[in-house]
Amino acid sequence: MEANVSFYRSESARLVAALTRIFGVENLSLAEDVAQDTLAKAFEVWSYGGVPEHYSALLMVAAKNRVLDAFRRERTASKWAPELQHMIESEWTLRPAVEELFLPAALKDDELRMMFSCCHPQLAEEVQVALILNLLCGFGAEEIARINLASTPAMQKRISRGKRSLGESRRLFELTADDFAARLGAVHRALYLLFSEGYHSACEESVIRVELCREALRLIRQLVDHAPAATSATYALAALICFGTARLPGRMNELGELLVLADQDRSRWDAQLISEGLALLDRSASGSELSEYHLEATIAGLHTSARRAEDTHWAEIVELYDLYLRLRPSPVVALNRAMALAELEGPVKGLEAIAAISEVERLRDYPFYAAARGELELRCGQRAVARDHLQAALGLARNSAERRFLRRRISECGD
Amino acid sequence: MSQFVYLYRESRTPTPKELESRMASTLAWFRELEQNGHLAVYGHPLNRTDGRVVKKGDVLDGPYAETKDIVIGFSVIEAKDLDEAARLADSCPLVAAGCLIEVRPVLVL
């Protein structure tokens, strides 16, 4: 086993999902404890003997034995659902019942079921995402707090409340339910937010951001592989996540400095992921649905397929942004459109487009708004004005990489 | 070459994530010891919560620990002398992770 391959996140997801189904969602914390314990012991034992090839199956077998122990220990407790209680009462029925609970066919949909359950409509989006991060991606409350620039106690409360709601719903979401389509929309939104956290995060640590994108990728691939969930929008979102994740290695140079798209070394982009993204984008094109995911994915696809920055099809990108604004007007999208327009028609046109953004006050605290104006003024040769805008952006910057980037741009403005 | 026992001791319970990140580096450290002829017995990790302490007239619940540093595993090493054995222990990733390694020469005639 390679030294750098970590399987903690994906294996903890598999275990927590299966154990929650088996113990019942009201026993979620037992499921988490058993999963954590199984992983901890496995890692310690394998530190001496080496990681076995079939580690995933072995972890599930270890979990199954602990399930048997748990049922035997608390046979008479009333914590189990009635059907379960009946099954575990005698040793004769217990073993075969547990074996059946761990069959591949039963395990197969557990993670999806958990994902859909976390996206309960009564939970705020940020709670849904926090639950997914915690239960399906193995992030602790402290890590999630860091990502969201929140305090750990606040995040712990958010997660506990979410889990309490899950427990109170008494059943995991059934993938055959009537509201599957509606819930799928919520899952899309949660995975999009998860991916955005990774790609655009204000968080300092680039390692965590890469992990967030990779987790979003792992989870969206599960939707793609489950026929009823593999809709056109799923393909589009999956393509977007592939493109974004593919481009992550190029965003920073060896010195840890942020690079604009035009300056990135495109050879560092993940060619395999780009290919996967293009195939998914293709599949998303069937049918008449046109969502924001389709538009964002197509734009990302255009950027990603350009071998050099100069080869970018800016005219098409501007048209796509026009479509996007008609679909769902937003000042951030309008800003991105203005930057694309600047590439196509020059910085003066770009500045005019920025000035014309409606609801521009909503961008007041958005560092990229001031930074974009600064960039375009600089391209027009208006160094003093550019410096003012970039200074403003510096004041709004969210982490040290952004600050260093803006300081470099400010120094381009000269005295 | 003489034999030495490493008793790995830790005073806190690491998270599964910490254990996973130690796993790769610990395996690499073991392999290097093995390749250089220093590993006599890999040893085993020990259950951190269950155990017994048997004394004359009494059996207590274990693990036994004078301080909070309970023994979490052991290995048997071959080294030239105690200094070398201690030096080799210093490079163990468990030490970097905050564990102690008690190094004891095996008693021979």
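Contact is defined here as heavy atoms within 4.5 Å. Helices (H or I, at least four residues) and strands (E, at least two) are DSSP runs, numbered from the N terminus. The structure is a predicted model, in which local features need pLDDT of at least 70 and side-chain atom pairs count only at pLDDT 80 or more, whereas totals for chains, interfaces and linings use all residues. Residues are numbered from 1 along each chain as its sequence is written, chains are lettered from A in the order in which they are written, and side-chain values use heavy atoms, with hydrogens and water left out.

In chain A, helix α21 comprises the 13 residues 400-412. The expected span of a helix is 1.5 Å times one less than its number of residues; α21(A) should therefore span 18 Å, in agreement with the 19 Å that separates its end C-alpha atoms. Burial was assigned from relative accessible area (buried under 20%, exposed over 50%, partly exposed in between; 1.4 Å probe, protein chains only). The buried residues of α21(A) are A401(A), E402(A), F405(A), L406(A) and I410(A), and these pack against α19 (367-379) and α20 (383-396) of chain A. The N-terminal end of α21(A) is capped by N399(A), a side-chain oxygen of which lies 3.1 Å from the backbone nitrogen of A401(A). Just after α21(A), a positive phi of about 70° is taken by G414(A).

Two packed helices are described by the angle between their axes and the distance between the axes. Axes are lines fitted to C-alpha atoms, for helices over the stretch in contact, and angles run from 0 to 180 degrees between N-to-C directions. The axes of α1 (residues 8-23) and α3 (residues 55-73) of chain A come within 11 Å and cross at roughly 30°. Angles under 35 degrees count as roughly parallel, over 145 as roughly antiparallel, 65 to 115 as roughly perpendicular and the rest as oblique; α1(A) and α3(A) are therefore roughly parallel to each other. Their crossing is right-handed, a term that applies if the near helix is turned clockwise from the far one by less than a right angle, anticlockwise being left-handed. On the α1(A) side, E11(A), R14(A), L15(A), A18(A), L19(A), I22(A) and F23(A) take part, and they meet residues of α3(A) including Y55(A), L59(A), M60(A), V67(A) and F71(A).

Three further positions in chain A were examined individually. R113(A), in helix α7 (residues 110-118), counts as buried because its relative accessibility is 11%. Beyond its neighbours within four places in sequence, R113(A) is in contact with R21(A), A106(A), L172(A), F173(A), E174(A) and L175(A). H226(A) is found in the loop between α12 (206-225) and α13 (232-247) and, at 14% relative accessibility, also counts as buried. With the corresponding sequence neighbours left aside, H226(A) is in contact with D109(A), L112(A) and L175(A). I274(A), located in helix α14 (residues 271-284), is buried at 12% relative accessibility. I274(A) touches F243(A), A246(A), W269(A) and T304(A), residues up to four places away in sequence not being counted. The C-alpha atoms of I274(A) and R247(A) are separated by 8.6 Å, although the two residues are 27 apart along the chain.

Chain B contains three helices and six strands, which follow the pattern β-α-β-β-β-β-α-α-β along the sequence. Its C-alpha atoms fill a box of roughly 45 × 45 × 20 Å, taken along the principal axes. Of the 109 residues of chain B, 37% count as buried. Among contacts in chain B between residues at least 6 apart in sequence, 74% join residues at least 24 apart.

Key. A polar contact is a pair of N or O atoms within 3.5 Å; within protein, one must be able to donate a hydrogen and the other to accept it, and residues adjacent in sequence count only if both atoms are side-chain atoms.
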